[in-house]
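This briefing concerns the fold of a single chain, its strand pairing and its surface. Please consult the sequence and the structure shown here alongside the text.

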Amino acid sequence: MINKIFALPVVEQITPTLSLRKMDELDVIVVDHPQVKGSFALQGAHLLSWKPQGEEEVLWLSGNTPFKDGVALRGGVPVCWPWFGPAKQQGLPAHGFARNLPWALKAHNEDANGVVLTFELQSSDASRKFWPHDFTVYARYKLGATCEMELEAHGEFETTSALHTYFNVGDIAAVKVSGLGDRFIDKVNDAKEDVLADGVQTFPDRTDRVYLNAEACSLIHDSALNRTIEVIHSHNANVVAWNPGPALSVSMTDMPDDGYKTFVCVESVNATVPQKTTEEKPSRLAQTIRVVKR
């Protein structure tokens, strides 16, 4: 899918390294820089891919995900806001509406090291169908040798949220994640609390854990691709580790049947403790990722 995005015809050359393209129904921004390649969907301010020079693709994007108006994309970094998980009210979209609405590219900058892009979403008639509040949310991305991302929300409300990052791995059976924390809520086991005794999360089957004592830095050890990915979390209460496993993967129409084998989600999340946003103090959620060694 990522190769297909980079092969799309250019609709508008925004700068020497940024171009606007169209993937089915969605506008896509492609970053083609000597130090980094990446792509975004304007729907959801959704980072689809990030590949520093000399590295394998760091993010995973489903080859089956439809690029349709209002349909959430599977892979990359979905922005889950203003709620994480199922909506409290029936009929509202899971993980909020921000990932299903078009954002505006408000600012961009580039230098020898990479690019910076800022996207904006404001309250509108479309958002008020889901949520009554007035708001402005910014999503900032700095792509280069590292990938830095930050949500910043303005208004008066409480939210839960996530940067729901899908990481490309060689083989889920060979993946270990450390630096998550100890206590977790096991959503595959009736939301019971448990403890990760040895500090290392593996993924033998479906895994969906909300870590309560989140550590500041998680490490994805990928022996199949011979690399470690560092995930630094900021302004978060939780870290989520997720992989659907074989049975759920087969049931998901926007994912290949064996899709679960080649990704793991390590997410910066505010799930168990809502964030309060005030006019005086915006709320934030941030994540920085980098490949630290081979």
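The points below are grouped by topic.

The model is predicted. Its chain contains 22 strands and 3 helices. With a radius of gyration of 18 Å, close to the 19 Å that the globule rule gives for 294 residues, the chain is as compact as a globular protein of that length.

**Sheet architecture**

- Nine strands form an open sheet with antiparallel pairing, in the order β7-β8-β9-β10-β22-β19-β18-β13-β16.
- The edges of this sheet are β7 (104-111) and β16 (200-201), each of which pairs on one side only.

**The β9-β10 pair**

- Strand β9 (residues 135-143) runs antiparallel to strand β10 (residues 147-155), and 9 bridges join the two.
- Within this pairing, Tyr138 lies opposite Glu152 of β10.

**Overall dimensions and packing**

- Along the principal axes, the C-alpha atoms of the chain occupy a box of roughly 50 × 45 × 35 Å.
- Of the 294 residues in the chain, 54% are buried.
- Among contacts with a separation of 6 or more, 62% involve residues 24 or more positions apart.

- The chain exposes about 12800 Å², of which carbon and sulfur atoms supply 48%.

Note on methods: Residues numbered from 1 in each chain as written. Predicted model: local features only at pLDDT ≥ 70, side-chain atom pairs only at ≥ 80, totals over all residues. Heavy atoms only, no water. Pairing = 2+ DSSP bridges. Helix = DSSP H or I, 4+ residues; strand = E, 2+ residues; numbered from the N terminus. Rg over C-alpha atoms; globule rule 2.2 N^0.38 Å. Buried < 20%, exposed > 50% of the residue type's maximum accessible area, 1.4 Å probe, protein only. Contact = heavy atoms within 4.5 Å. Areas by Shrake-Rupley, 256 points an atom, 1.4 Å probe, with all protein chains shown as cover.
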